[in-house]
Amino acid sequence: MIPLLQAKGLHVVAVQNPLTSLADDVAATRRAIALQDGPVLLVGHSYGGVVITEAGNDPKVVGLVYVAA
């Protein structure tokens, strides 16, 4: 999915969650958000939905997308 989005000119970052705890995963996501220059749209699937919900209160975050399979 990342190459398809990048081909459309979007800047895409995939967070590598350490999966050691929810707090660690949220912290990794918040660090990735902090590195972005503009507005951020968080996308999460399954457990990732919990992570983006927790990290989604950052002022840079303009939306959350929950992907269901």
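Author: A nonpolar core is a set of buried Ala, Val, Leu, Ile, Met, Phe, Trp, Tyr and Cys residues joined through side-chain atoms within 4.5 Å. Buried means under 20% relative accessible area, exposed over 50%, partly exposed in between (1.4 Å probe, protein chains only). The model is predicted: local features need pLDDT of at least 70, side-chain atom pairs count only at pLDDT 80 or more, and totals for chains, interfaces and linings use all residues. Residues are numbered from 1 along each chain as its sequence is written, and side-chain values use heavy atoms, with hydrogens and water left out.

Reader: What makes up the largest nonpolar core?

Author: Eight residues: Val 26, Ile 33, Val 40, Leu 42, Val 51, Ile 52, Ala 55 and Val 61. Helix H2 (22–34), S1 and helix H3 (47–55) each give two or more. H3 gives the largest share, three residues. Helices (H or I, at least four residues) and strands (E, at least two) are DSSP runs, numbered from the N terminus.

Reader: Which residues does Val 51 contact, leaving aside neighbours within four places in sequence?

Author: Asn 17, Leu 22, Asp 25, Val 26 and Thr 29. Contact means heavy atoms within 4.5 Å.

Reader: Why is Val 62 called exposed?

Author: Its relative accessible area is 61%. The cut-off is over 50%, so Val 62 counts as exposed. Val 62 lies in strand S2.

Reader: How do you know whether Ala 68 is buried or exposed?

Author: Ala 68 has 72% relative accessibility, so it is exposed. Ala 68 sits in the segment after S2. Its C-alpha is 8.9 Å from that of Gly 44, 24 residues away in sequence.
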